[in-house]
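Me: I have a structure open here and would like to go through it slowly. Could you take my questions one at a time?

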Amino acid sequence: MSAQQVLFDAPGPKAKRNIFIGNIVGALLIVGLLAWLIITLAERGQLEPAKWTPFLEGRTWEFFLLPGLLDTLRAAGVAIVTSVVLGLLLGIGRLSHFLPLRWLAGVIVEFLRAVPVLLMMIFLWLAIGAAGIMRPQDIPFIAVVTALTLYNGSVIAELVRSGVEGLPKGQREAGMAIGMTRGQSLRSIEVPQALTAMLPALVSQFVVILKDSALGYIITYTELLQTARRLGVGEGNLLQALLIAAVIFIIINFALSSLANRLSKLLSFRTTGKTKNDNVSNVVVADPTNA
Amino acid sequence: MDGFLSLFEQYDVAGAFWINIQLTFWAAIWSLLLGTLLALFRISPIASLQWFGASYVNIFRNTPLTIIIAFGVLALFGQLFVSLSEDFDLNFFRLAVLGLSLYHAAFVCEAIRSGVNTVPLGQAEAARAIGLSFLPAARLVILPQAFRGAIAPLGNVLIALTKNSTVAAAGSVAESAGLMKTMIEFRSDMVIPIFFTFAMGFVIIVIPIGLLTTWASKKLAVAR
């Protein structure tokens, strides 16, 4: 139920007046807060044109921000594909009727979900480097993609599992009634419907992948945060460069989140599962966030 | 094996984990306070506060935590000379707590809001029907149910916060991810045992939190 409906009755004339006054006081407080921020920044000389004009020049975008964004999207894009594949494999493993397989998939998923992505990333970066099996310039990219895949694959595995378990029992029974084995029914009846049902939550997970790709900054991967920092160090406008990088991330992620919300409304007709995109309140989806 | 053990005499692994726990503890408190305030804004009937809460959540939830932490060190400290302590290390620690708190407050806000959303409309209608006005209805009927509904999502935020405390490495805080890097660089022949030591450290911290909050959320669940 919507929170406002639960907490507040339809307002009468007196309540409407109070809400109106509260609205004005709230607006004044917010404007005051923003004004304080802007004045403080201006006093410290952060609003001077020289700090901002670099972002109007073509070379800033051509040599710093766009290559960084491209590397961010490259790592996130590859990691999205590979983590969906890993997630499907682990998810089906967790649903298997073969006990050792189910157990193994469960241990792997629980382990990968409990270990911070950054820890895996640093480990892979140094381990691959020490093994000397790859060109040094490729190692950060591989480490970022692999770490993101391992973590998000385990989260997607839980999505697959909860998606299948959220289907009505009749779906599996119908499969059994027409003589399908457990594996056949999983593959051709349950997982396809679970995938449709989990698509909104999956798209929300892509936001997590995109955000986590910024961890590559710590292991010297040349993603957007890294190039923004280099730009900021060169021009003496770190604050502004990081703000611009954050805005780029916010725009992309906001678009993805909106897509997820629209999908959850659109797809509810196409599956017997629940297409609720509520990855905060869903216990099975473990954590809503990482970096 | 001897070399592996002597590594632990040389490096203070438990101390590094202790930093992570401290980061988590302080950030949990601040983000709970800020997140509750934001949730109150979002569920209030006042449009300007709703707008502020929603904007905050959309901005901070969609920004990578790494940028927020890096911003604290590079922009707040490096460029604006904002200092939260005379002591150099403590300053970085507090800046990291600030970044972690600002980021996770957005998730705390959504967790609390989803708790309020678990309360059926009929509960509020019943409260009004027996003559309770706004404050008694909220205090006696709605919020107790809402808090119980928020336990599981809040637990998930706490788990995420615990793991995300490693990102403070981007803010020059000497915590476990940074120590693992130093140790591997020193003994690259022991890269796998070192990684599993740190990984198991997090498994040991995180899994009990998960079990505890799942247990609490089931134990305290409102039967409907």
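Me: Let's start with B:S172, then: is it buried or exposed?

Reply: B:S172 is buried, because 20 other C-beta atoms lie within 10 Å. A residue counts as buried if 20 or more other C-beta atoms lie within 10 Å of its own, as exposed if 12 or fewer do, and as partly exposed in between, with C-beta atoms placed from the backbone.

Me: And where in chain B does B:S172 lie?

Reply: B:S172 lies in the loop between α7 and α8 of chain B, where helices (H or I, at least four residues) and strands (E, at least two) are DSSP runs numbered from the N terminus. B:S172 also has a positive phi of about 60 degrees although it is not a glycine. Most residues other than glycine have a negative phi.

Me: What sort of model is this, and how does the numbering work?

Reply: This is a predicted model, in which local features need pLDDT of at least 70 and side-chain atom pairs count only at pLDDT 80 or more, while totals for chains, interfaces and linings use all residues. Residues are numbered from 1 along each chain as its sequence is written, and chains are lettered from A and ligands numbered from 1 in the order in which they are written.

Me: Back to phi for a moment. What is the phi of B:F81?

Reply: B:F81 has a positive phi of about 60 degrees although it is not a glycine, and B:F81 lies in the loop between α4 and α5 of chain B. B:F81 is exposed, because 8 other C-beta atoms lie within 10 Å.

Me: What about B:F186, where is that?

Reply: B:F186 lies in helix α8 of chain B, which covers residues 176-186. B:F186 is exposed, since 12 other C-beta atoms lie within 10 Å. From B:F186 to B:W18 the distance is 22 Å, C-alpha to C-alpha, and the two are 168 residues apart in sequence.

Me: Zooming out, how many helices and strands does chain B have?

Reply: Chain B has nine helices and zero strands, and the C-alpha atoms of chain B fill a box of roughly 70 × 45 × 25 Å, taken along the principal axes. Of the 224 residues in chain B, 49% are buried.

Me: Where does α7(B) bend?

Reply: α7(B) bends by about 45 degrees at B:I142, and a proline, B:P144, follows within four residues; the bend is the angle between axes fitted to the seven residues ending at a residue and the seven starting there. Between its end C-alpha atoms α7(B) spans only 38 Å, whereas a straight helix of 31 residues would span 45 Å at 1.5 Å a residue, the expected span being 1.5 Å times one less than the number of residues.

Me: How many residues of chain B are in contact with chain A?

Reply: 63 residues of chain B are in contact with 55 residues of chain A, where contact requires C-beta atoms, placed from the backbone, to lie within 7 Å. On the side of chain B that touches chain A, α7(B) gives the most, with ten residues. The residues of that side divide into 43 nonpolar, 14 polar and six charged; Ala, Val, Leu, Ile, Met, Phe, Trp, Tyr, Cys and Pro count as nonpolar, Asp, Glu, Lys and Arg as charged, and the others, Gly among them, as polar.

Me: Now chain A. What is its secondary structure?

Reply: Chain A has eleven helices and zero strands, and 45% of its 291 residues count as buried. The radius of gyration of chain A is 24 Å, whereas a compact globule of 291 residues would have one near 19 Å; this radius is taken over C-alpha atoms, and the globule rule is 2.2 Å times the number of residues to the power 0.38.

Me: Which residues touch the most other members of the largest nonpolar core?

Reply: A:M121 and A:L242 do, in a core of 146 residues, and helix α5 of chain B (residues 88-117) gives the most to this core, with 17 residues. A nonpolar core is a set of buried Ala, Val, Leu, Ile, Met, Phe, Trp, Tyr and Cys residues joined through C-beta atoms within 7 Å.

Me: What is A:M121 in contact with?

Reply: Leaving aside neighbours within four places in sequence, A:M121 is in contact with A:A143, A:V144, A:A147, A:L215 and A:I219.

How values were computed: Contact = placed C-beta atoms within 7 Å.
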